[in-house]
Amino acid sequence: MTTSVDGTGKSPLPDLHYIQYDPDKEAQYLTAIRELISKDLSEPYSIYVYRYFLYQWADLCYMTVDSSGELIGVVVCKLEPHRDGPMRGYIAMLAVKKEHRGRGIASKLVRMAMDGMIAKDADEIALETEIDNIPSLKLYERLGFLRTKRLHRYYLNGNSAYRMILYLKDGVASKQSQMPYDPLY
Ligand SMILES: CC(C)(COP(=O)(O)OP(=O)(O)OC[C@H]1O[C@@H](n2cnc3c(N)ncnc32)[C@H](O)[C@@H]1OP(=O)(O)O)[C@@H](O)C(=O)NCCC(=O)NCCS
């Protein structure tokens, strides 16, 4: 039987480091990021989707690596004005290696991304997650995100999603965008 030092029944936690993605290290990390994220995705992203985020918002991508540099977890985000309205952060991808889940790694990565967006004056942070993804819903709701919309058959596999938003400033939820109303946004 495997024993653990932290009582989770899992193998002992390796020495973990939380680091910001560095575009100069694309050769070292991009393949590992794609592999980790695509394992649990309901739809595959092309390399251009990863580059879209990582070229423009490398400073909002955080990784957990072990002492040998192996990728254990990653969060990929962006931050831009939303329809000429609030400055909206967006958590595009989040994944932790299966054998390291349930130990707070994703929570810490998301908190780092949130802090990065807050430092850049974000008004709100949005994301979508599948309606039956309990770990993800628990994680985001504990951090204060609200389910703002149910998006019917949002993913290619037919699953529905919740849009979740964390409002960071008073009054942002009621601030009107200058664009016409679109139920998907
Ligand atoms: C979602 C995911 C990133 C969470 O990673 P993690 O490192 O295990 O998350 P944490 O340890 O920080 O735990 C987050 C919350 O989920 C809960 N949780 C973790 N695993 C769980 C499970 N199997 N069942 C129920 N709850 C679970 C934790 O208890 C914690 O909630 P709490 O703080 O209220 O106790 C991870 O499960 C994953 O990579 N899933 C596949 C990809 C994915 O679904 N990404 C999110 C899409 S938006």
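Predicted model: local features only at pLDDT ≥ 70, side-chain atom pairs only at ≥ 80, totals over all residues.
An oxygen atom of the ligand lies 3.1 Å from a polar backbone atom of Arg103. Arg101 contributes through its side chain: one of its polar side-chain atoms is 3.3 Å from a ligand oxygen atom. On its own, the ligand has 920 Å² of accessible area, and the protein covers 72% of it.

Let us now turn to the surroundings of the ligand. How many residues surround the ligand? There are 19, and the closest are Gly102, Gly104, Ser107, Asn133 and Arg142. By class, this shell comprises seven nonpolar, six polar and six charged residues. Which of them gives the most? The answer is H4, with five residues.

I now move to the pocket. The ligand takes up the space of the largest pocket, whose volume is about 1400 Å³. The lining of the largest pocket consists of 47 residues. Nearest the centre of this pocket lie Ala92, Leu94, Glu128, Thr129 and Tyr140.

Which element supplies the largest share of that lining? For the largest pocket, it is E4, with eight residues. At least two lining residues also come from each of helix H1 (26–40), helix H2 (47–56), strand E3 (71–81), H3, E5 and H4. Sorted by class, the lining of the largest pocket has 25 nonpolar, nine polar and 13 charged residues.

To close, I return to the two leading elements. H4 gives the most residues to the shell around the ligand, whereas E4 provides the largest share of the pocket lining.

Methods: Residues numbered from 1 in each chain as written. Heavy atoms only, no water. Near = heavy atom within 4 Å. Polar contact = N/O pair within 3.5 Å; in protein donor to acceptor, adjacent residues only side chain to side chain. Areas by Shrake-Rupley, 256 points an atom, 1.4 Å probe, with all protein chains shown as cover. 1 Å grid on protein atoms, 1.4 Å probe; cavity = no way out; pocket = protein on both sides within 12 Å on 5 of 7 lines; lining within 4 Å. Sits in = over half its atoms within 2 Å of the grid points. Helix = DSSP H or I, 4+ residues; strand = E, 2+ residues; numbered from the N terminus. Nonpolar A, V, L, I, M, F, W, Y, C, P; charged D, E, K, R; others polar. Points joined across faces, edges and corners; volume = space filled by probe spheres on them.
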